[in-house]
Amino acid sequence: MSATDMQMGFLINGAAIDMGRIDVVSKTGQVELWEIVNNADMDHPFHVHGTQFQVVEHERGGQVSKPAYLAWKDTVNVARGETVRLLLRQDRPGRRMYHCHILEHEQLGMMGVVEVQA
Ligand SMILES: [Cu+2]
């Protein structure tokens, strides 16, 4: 399980992207609950490479809601002040990225590295 915290200054978990750093370790075939917390004053669409996920919960102002239906996605908008919980599974080992899907934010460093271990 990982909590990914999107913050002002275009950081994730307090850091800008460093291709030499592994931010999250996953294991192939394992279903993980990822919690994406947006503490910033604007929306950030979260995108992860190499797999798809299902959003299972939104939380905003202490109010938890479930999506109307489950769907496979590779991007989910995380509104300002919102937490989104999603289930994902990576089936192929390797290093890949997750990032904000607004190009300018991504270029400012709003990206991290997940290493999927066999
Ligand atoms: Cu963003």
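Two strands count as paired if DSSP finds at least two bridges between them. Keep that in mind, as I start with pairing. One caution as well: this is a predicted model.

Take strands E5 and E8. They pair in the antiparallel sense, over 4 bridges. Within that pairing, Phe-46 has Val-76 in E8 as its bridge partner.

Now widen the view. E5 and E8 belong to an open sheet of 5 strands. The order is E3-E11-E10-E5-E8, and the pairing is mixed. Which strands sit at the edges? They are E3, residues 24-27, and E8, each pairing on one side only. From one strand to the next, the twist averages 25 degrees.

Next, strand E10, residues 94-100. It is mostly covered, with 5 of its 7 residues buried. Strand E5, residues 44-48, runs antiparallel to E10, and 3 bridges join them. There, His-47 stands opposite His-99 of E10. E10 also pairs with strand E11, residues 111-117. That pairing is antiparallel too, over 6 bridges. One of its bridge pairs is Arg-96 with Val-114 in E11. In general, strands of a sheet pair through backbone hydrogen bonds, either parallel or antiparallel.

On to the metal. Which protein atoms are donors to the copper ion? They are ND1 of His-44, SG of Cys-100 and ND1 of His-105. These donors lie 1.9 to 2.1 Å from the copper ion. Along the sequence, the spacing of the donor residues reads H-x55-C-x4-H. Are Cys-100 and His-105 buried or exposed? Cys-100 has 0% relative accessibility, so it counts as buried. His-105 is buried as well, because its relative accessible area is 6% and the cut-off for buried is under 20%.

Now the core. The largest nonpolar core has 19 residues. Trp-34, Phe-46, Val-76, Leu-86 and Tyr-98 have the most contacts inside it. Several elements give two or more residues to this core: strand E4 (31-38), E5, strand E6 (53-60), strand E8 (75-78), strand E9 (82-89), E10 and E11. E9 gives the most, with 3 residues. Nonpolar side chains in soluble globular proteins tend to be buried together.

Look at Leu-86 in more detail. Set aside its neighbours within four places in sequence. Its contacts then include Leu-33, Trp-34, Ile-36, Phe-46, Phe-53 and Val-76. Glu-32 and Gln-54 are also among them.

Next stop, Asn-38, which is found in strand E4. Why does Asn-38 count as buried? Because its relative accessibility is 1%, and buried means under 20%. A polar atom of the Asn-38 side chain lies 2.9 Å from the backbone nitrogen of Ala-40. Beyond four places in sequence, Asn-38 is in contact with several residues, including Met-6, Asp-43, Val-78 and Glu-82.

Gln-7 counts as partly exposed, because its relative accessibility is 23%. Leaving aside neighbours within four places in sequence, Gln-7 is in contact with Asn-13, Gly-14, Ala-40 and Met-110. How far apart in space are Gln-7 and Met-42? The distance is 9.4 Å, C-alpha to C-alpha, and they are 35 residues apart in sequence.

Key:
Residues numbered from 1 in each chain as written. Predicted model: local features only at pLDDT ≥ 70, side-chain atom pairs only at ≥ 80, totals over all residues. Heavy atoms only, no water. Buried < 20%, exposed > 50% of the residue type's maximum accessible area, 1.4 Å probe, protein only. Donors = N, O, S within 2.8 Å, 3.2 Å for Na, K, Ca; no water. Core = buried A, V, L, I, M, F, W, Y, C linked by side-chain atoms within 4.5 Å. Contact = heavy atoms within 4.5 Å. Polar contact = N/O pair within 3.5 Å; in protein donor to acceptor, adjacent residues only side chain to side chain. Axes fitted to C-alpha atoms, helices over the stretch in contact; angles between N-to-C directions.
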